[in-house]
Amino acid sequence: MMPMKIRSELPGDIAAIHALHVSAFDTDAEARLVDRLRADADDVISLVAEEDGALIGHAMFSRLRAPLPALAFAPVAVAAEPRANGVAHAL
């Protein structure tokens, strides 16, 4: 098993990120939120955790509409099997 790698999202990751969010939550709301933030160009930093060539985690920092410049750290998704192994913390 290769160690987990944290890297920036690539264009080829978009479908896997969507699927990861769908599988990590009870509804597809978070997956749709990520898609909408990206479509609206509100995504600033989008990171993935990769292990053995598979995406096992995703975190996004997006523009937050607030009285001062700010970023929101959400949503975060981790695949079921590696949960509680520090993936979200690493992201």
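Modeller: A helix here is a DSSP run of H or I with at least four residues, numbered from the N terminus. The model is predicted. Under that naming, α2 is followed by Ala41, whose phi is positive, near 60°.

Colleague: What makes the buried residues of α1 line one face of the helix?

Modeller: Within α1 (residues 14-24), Ile17, Leu20, His21 and Ala24 are buried. Their directions, seen down the axis of α1, fall within an arc of 95°, so these residues line one face. An α-helix has 3.6 residues a turn, so residues three or four places apart point the same way. On the other side of α1, Ala15 and Ser23 are exposed.

Colleague: How do you know that the buried residues of α2 line one face?

Modeller: The buried residues of α2 are Ala31, Val34, Leu37 and Arg38. Viewed down the axis of α2, they fall within an arc of 130°, so they line one face of the helix. Their cover includes α1, β2, β3 and β4.

Colleague: Why is the aromatic pair of Phe61 and Phe73 called tilted?

Modeller: The ring centres of Phe61 and Phe73 lie 4.7 Å apart and their planes meet at 35°. Stacked requires under 30 degrees and edge-to-face over 60, so the pair is tilted. It links distant parts of the chain, with Phe61 in strand β3 and Phe73 in strand β4, twelve residues apart.

Colleague: Why does Phe61 count as partly exposed?

Modeller: Buried means under 20% relative accessible area and exposed over 50%. Phe61 has 22% relative accessibility and therefore counts as partly exposed. Phe73, at 42%, also counts as partly exposed.

Technical notes:
Residues numbered from 1 in each chain as written. Predicted model: local features only at pLDDT ≥ 70, side-chain atom pairs only at ≥ 80, totals over all residues. Heavy atoms only, no water. Buried < 20%, exposed > 50% of the residue type's maximum accessible area, 1.4 Å probe, protein only. Helix = DSSP H or I, 4+ residues; strand = E, 2+ residues; numbered from the N terminus. Arc of directions from axis to C-beta. Contact = heavy atoms within 4.5 Å. Phe/Tyr/Trp six-rings, centres within 6.5 Å; stacked < 30°, edge-to-face > 60°.
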